[in-house]
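I opened the notebook to record what I looked up in this structure, entry by entry.

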Amino acid sequence: MSSGGLCVLITPSAAGSGWRQALTVRAGRLGWSVTDTGADTVAIPSGGLVFVQTHEALLGFPASARAIIIDTSATDTIDPSLPAATEDIMIRSHILVEAEIAAIQGAAVLNAARYVLDFPELGSVERHEGSPYRIHPSVSESPLALFDDTAPGGWANWHPRWFAYPKGNVGSVDEPLMDMTGRQQALVFGPYIRLPAGRWRVDVRFSVDPERAHAPLLFEWGAGLEYCKVMTEIRHPGVYSVSLDRIWPEADPAQLRIWVAHPVFQGRFSFLGCRVTRVAVDDPTPPTPGDRIVDAAVS
Amino acid sequence: MSPAANDIVDAPGLRVARLGKTFHGASRPVFQGIDFTLGRSGRLAILGRNGQGKSTLIKMLGGILPPTEGQIVWTMSSSWPIGFGGGFQGSLSGLDNIRFLARLYARNYRETLERVDDFAELGRSLRLPVKHYSSGMRARLAFGLSLAIEFDCYLIDELVAVGDARFQRKCQEELFQQRKDRAFMMASHDTQMVAHYCDRAIIIESGQCKIFEDVEEAVEIYSWLRAA
């Protein structure tokens with residue numbers, strides 16, 4: 001055990017407050033400071049026990065001093081007596097995605113349902129209170145295994161900050177803005193977030209100003225080498241949305257890619273994020289056929 | 001930093017700032033807000049579809065058209081636009097025009113004549129008034145004179161329009177090989193030539209002007225604009 005520090009992200013869980021208390025007590029005995037940064041990613045202490053809500057905040061600590069505490073059981077994560085339990089999970093899904101990214105970046109993944117956990121730097125810690133939980137079979141795989149249990153209609157919003165922008169961007173973290181000038185190129189890709197097997201639809205929101213020309217855009221949605229595609233040419237400035245869906249035969253990291261389909265002299269593009277929805281495999285709405293050209297709908 | 005970029009920082013030969021042009025009576029500018037710097041060995045392509053203002057820009061840089069707004073600051077000598085024969089006195093012969101320009105640029109007339117005659121291959125036609133020349137003959141005389149006088153920077157407006165294939169090869173050899181240390185700006189539709197000889201490019205489109213450090217990228221964009 002060292003005197004360095006530990007950075008912890010706790011996903012929504014009935015056991016979350018029990019772990020928070022237990023860790024705070026242990027840190028206090030060691031003389032560590034305890035900080036809860038909330039959603040702040042700027043003022044992160046470099047030592048002591050730090051509770052965070054984003055994967056970026058965890059990066060202030062070495063991988064060996066990062067931990068995420070997850071609960072992949074939907075019924076235990078949210079009070080099932082609440083009428084909108086599933087929707088509540090979806091609304092909180094951004095924290096699960098943060099945890100997923102943190103796990104990919106090397107944080108230790110710990111199961112909230114257990115009574116005792118071995119934490120990096122702090123060693124063995126016993127949870128303060130709470131009743132026993134069933135241990136979800138896929139707990140060690142991903143914080144997003146929670147979605148394995150969700151029914152069609154469940155959805156999650158994917159924020160623009162989880163995506164990569166190879167050309168860079170200006171604007172805000174909520175609305176990254178890109179100059180489209182240049183070759184055929186990717187504007188946005190990512191976020192490689194694991195989706196369980198099933199049919200998943202993405203509704204992409206974006207704004208475009210073609211600057212009196214046209215903006216040729218190609219959207220791709222899928223995993224590995226399998227993507228469905230939609231190509232569109234936008235001639236008027238506005239906010240648009242495009243929908244694509246595809247069947248995941250097995251759990252796989254999802255990727256959305258948005259391209260400028262051919263070289264352009266002008267135009268500005270802003271990505272507003274997307275909503276990912278589980279769709280019944282036998283849903284009568286046909287999946288988007290590959291390479292289809294459509295007019296984007298103005299919302 | 002690349003050699004061309006160093007050249008721009010260490011020895012800029014031309015600075016263009018907020019340059020714009022609106023013709024008298026026109027409601028919209030041909031272009032505006034052009035900013036760039038050219039080093040003493042910089043090679044800049046000027047790309048744009050017909051009517052977008054390539055030749056206008058070249059003429060402004062050559063001092064033939066005044067800017068409506070902005071500044072052009074030369075700290076190296078520049079040629080008149082090659083391919084442009086408008087600077088000649090039409091009633092004077094080719095020989096007299098050579099004599100006039102040799103005096104104007106303080107060059108030795110005999111040497112200048114020898115070099116022009118050798119390059120332009122106009123022979124006895126040099127004794128005729130320039131107003132009787134074809135456009136090709138005028139371009140050859142203008143090109144020959146600009147090479148004979150020697151400039152730090154050559155302004156080229158559609159070089160390929162001058163003469164037959166053999167003469168075009170001769171022009172390219174004189175410009176791009178014999179004078180490879182000089183700067184030039186070239187307005188052209190010939191994307192192969194631009195990609196081969198230039199290290200940066202400007203595209204003028206719908207009154208906007210953008211500079212590209214990657215000439216291949218500029219050529220790709222320009223090719224799509226032409227095809228649209």
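I take a polar contact as a pair of N or O atoms within 3.5 Å, where within protein one atom must be able to donate a hydrogen and the other to accept it, and where residues adjacent in sequence count only if both atoms are side-chain atoms. This is a predicted model, in which local features need pLDDT of at least 70 and side-chain atom pairs count only at pLDDT 80 or more, while totals for chains, interfaces and linings use all residues. Residues are numbered from 1 along each chain as its sequence is written, chains are lettered from A and ligands numbered from 1 in the order in which they are written, and side-chain values use heavy atoms, with hydrogens and water left out.

Entry on S188(B). I found that the side chain of S188(B) reaches the backbone nitrogen of D190(B) at 2.8 Å. S188(B) lies in the loop between β6 (183–187) and α7 (191–197) of chain B, with helices (H or I, at least four residues) and strands (E, at least two) taken as DSSP runs numbered from the N terminus. At 1% relative accessibility S188(B) counts as buried, a word I use for under 20% relative accessible area, with exposed for over 50% and partly exposed in between (1.4 Å probe, protein chains only). Leaving aside residues up to four places away in sequence, I noted that S188(B) touches I46(B), L47(B), E158(B), V194(B) and Y222(B), a contact being heavy atoms within 4.5 Å.

Entry on Y222(B). I located Y222(B) in helix α8 (residues 215–227) of chain B, and its relative accessibility of 0% makes it buried. Beyond residues up to four places away in sequence, the residues that Y222(B) touches include S188(B), H189(B), T191(B) and I203(B).

Entry on chain B as a whole. I counted eight helices and eight strands in chain B. The radius of gyration of chain B is 18 Å, close to the 17 Å that the globule rule gives for 228 residues, so chain B is as compact as a globular protein of that length; the radius is taken over C-alpha atoms, and the rule is 2.2 Å times the number of residues to the power 0.38. Buried residues make up 48% of the 228 residues in chain B.

Entry on the backbone of chain A. Most residues other than glycine have a negative phi, and most peptide bonds are trans. I noted a cis peptide bond between G190(A) and P191(A), with omega about 0°, and P191(A) sits in strand β11 (residues 185–195) of chain A. R212(A), in the loop between β12 (198–209) and β13 (215–223) of chain A, has a positive phi near 70° and counts as exposed at 68% relative accessibility.
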